[in-house]
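Here is a guided look at one protein model, written for someone who likes to know which atoms touch which. Please keep the structure open beside the text.

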Amino acid sequence: MQAHLEKFYRRYGRNGYVLQIDFSKYFDNIDHKELLRMFSRLVDDADVMQLFTELVETFGDRGVGIGSQISQIIGIYYPIEIDNWCKIVKGCKYYGRYMDDTYVIHQSKEFLRGLLRKLKLFARNSESL
């Protein structure tokens, strides 16, 4: 974030805003069906996919624990569709995320308000979050 703030400041000065997002109960609400669908697009080895599925199922029907390495990998990857939408489609140059914490720096408060509205809709209507 510091690097993004410095780059933004060099380009726009103090004329900007920061949108901070934190998904509520993020790890508790990760949908296993959607998660497995997402990973199946990346993993073409049946044995690896079976192992991953078994690891995910150890957490129950929904959600993942926050302490294990597999949960950390899942937490970083799960909202990748939001990352891509923000960075590629919306062109958010000063964007960062770690797990469920996200920030976007932009010179327009209205742009950020509109982005937040769309992200809320995306998260509510999407299987991916």
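Which polar side-chain atom does the backbone oxygen of Ile 76 lie 2.6 Å from, that is, to which residue does it belong? The residue is Arg 97: a polar atom of its side chain lies 2.6 Å from that backbone oxygen. This is a predicted model, in which local features need pLDDT of at least 70 and side-chain atom pairs count only at pLDDT 80 or more, while totals for chains, interfaces and linings use all residues. Residues are numbered from 1 along each chain as its sequence is written, and side-chain values use heavy atoms, with hydrogens and water left out.

**Around Arg 97**

Arg 97 is found in strand E2. Helices (H or I, at least four residues) and strands (E, at least two) are DSSP runs, numbered from the N terminus. The side chain of Arg 97 also makes a polar contact with the side chain of Asp 83, at 2.6 Å. A polar contact is a pair of N or O atoms within 3.5 Å; within protein, one must be able to donate a hydrogen and the other to accept it, and residues adjacent in sequence count only if both atoms are side-chain atoms. Leaving aside residues up to four places away in sequence, Arg 97 touches Gly 75, Ile 76, Pro 79, Ile 80, Asp 83 and Thr 102; contact means heavy atoms within 4.5 Å.

**Helices H3 and H4**

Gly 75 is one of the buried residues of helix H4 (residues 69-77), together with Ile 70, Ser 71, Ile 74 and Tyr 77. Buried means under 20% relative accessible area, exposed over 50%, and partly exposed in between (1.4 Å probe, protein chains only). These buried residues of H4 pack against helix H2 (32-40), helix H3 (46-57), helix H5 (80-89) and strand E2 (94-98).

In H3, the buried residues are Met 49, Phe 52, Thr 53 and Val 56. Seen down the helix axis, they fall within an arc of 100° (taken from the directions from the axis to the C-beta atoms), so they line one face of H3. Their cover includes H2 and H4. At the start of H3, a side-chain oxygen of Asp 45 comes within 2.9 Å of the backbone nitrogen of Asp 47.

**Nonpolar cores**

A nonpolar core is a set of buried Ala, Val, Leu, Ile, Met, Phe, Trp, Tyr and Cys residues joined through side-chain atoms within 4.5 Å. The largest one has 16 residues, of which Ile 30, Leu 35, Phe 52 and Ile 74 touch the most other members. H2, H3 and H4 each supply at least two residues of this core, and its largest share, four residues, comes from H2. Apart from it lies another core of ten residues, including Ile 82, Tyr 95, Leu 112 and Leu 115.

A search of the whole structure finds zero disulfides (pairs of cysteine sulfur atoms within 2.5 Å).
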